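Open the structure in your viewer and keep the selection tool at hand. The stops below say what to select next and what is there.

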Amino acid sequence: MIPITCDVKDYLKLDELKELQGELKTIDAKNLTKLKKRIVQSGLNVPFFIWKDDNTNYILDGHQRKKALTSLIKDDGFTVDKVPVVYIDANDIKDAKEKLLAITSQYGTMDAKYLINEFAEDIELKDFRLTNKEIYIDYVSKETNNDDKLPEMESTQKISQE
């Protein structure tokens with residue numbers, strides 16, 4: 001069972017979530033596997049950010065998680081009852097798209113030396129997609145273990161909000 005490790009007021013079925021970003025971002029097979037592995041290991045610890053327009057629940061943040069969960073269901077035998085959601089107010093589709101871009105934007109810059117000195121001892125950095133070139137050159141490229149496979153799991157495992 002994959003726990004939900006965040007506290008929210010509402011949950012929705014995965015098929016009630018409609019993608020808003022279209023082809024804005026993609027995820028390749030390697031990174032999808034990393035994300036699936038992270039979800040299996042850590043649970044759903046971040047809610048989907050949703051803009052509710054009438055009866056449609058548009059995803060502002062969570063598109064890749066939805067792809068990973070869909071793959072876990074289809075390819076790996078998981079079931080998902082409902083996923084945690086937080087509603088984000090938007091005036092219209094334009095406002096919702098602006099908020100999607102604001103959520104997706106990365107304004108801060110990660111300090112590679114700090115990450116390596118303070119995190120790498122405790123955390124397998126290769127399990128994350130770190131986009132800072134210095135981080136990749138200084139640490140991640142030195143990793144030789146290609147352990148991107150999902151951990152062994154039973155097909156009856158379930159993802160739920162319990």
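## A tour from core to surface

Select Leu17: beyond residues up to four places away in sequence, Leu17 touches Leu12, Phe48, Ile50, Asn57, Ile59, Lys66, Val83 and Val85. Contact here means heavy atoms within 4.5 Å. This is a predicted model, in which local features need pLDDT of at least 70 and side-chain atom pairs count only at pLDDT 80 or more, while totals for chains, interfaces and linings use all residues. Residues are numbered from 1 along each chain as its sequence is written, and side-chain values use heavy atoms, with hydrogens and water left out.

Next, select Leu17, Ile39, Phe48, Leu69, Val83 and Val85, the residues with the most contacts inside the largest nonpolar core, which has 21 residues. At least two residues of this core come from each of α1 (29-42), β3 (48-53), α2 and β6 (83-87). A nonpolar core is a set of buried Ala, Val, Leu, Ile, Met, Phe, Trp, Tyr and Cys residues joined through side-chain atoms within 4.5 Å. Helices (H or I, at least four residues) and strands (E, at least two) are DSSP runs, numbered from the N terminus.

Move to Gln64, in helix α2 (residues 63-76). Is Gln64 buried or exposed? Gln64 counts as buried because its relative accessibility is 13%, and buried means under 20% relative accessible area, exposed over 50%, partly exposed in between (1.4 Å probe, protein chains only). Leaving aside neighbours within four places in sequence, Gln64 contacts Gln21, Lys25, Thr26, Ile27 and Leu35.

Finish at Ile123, in the loop between α4 (112-118) and α5 (133-138). Ile123 is partly exposed, at 32% relative accessible area.
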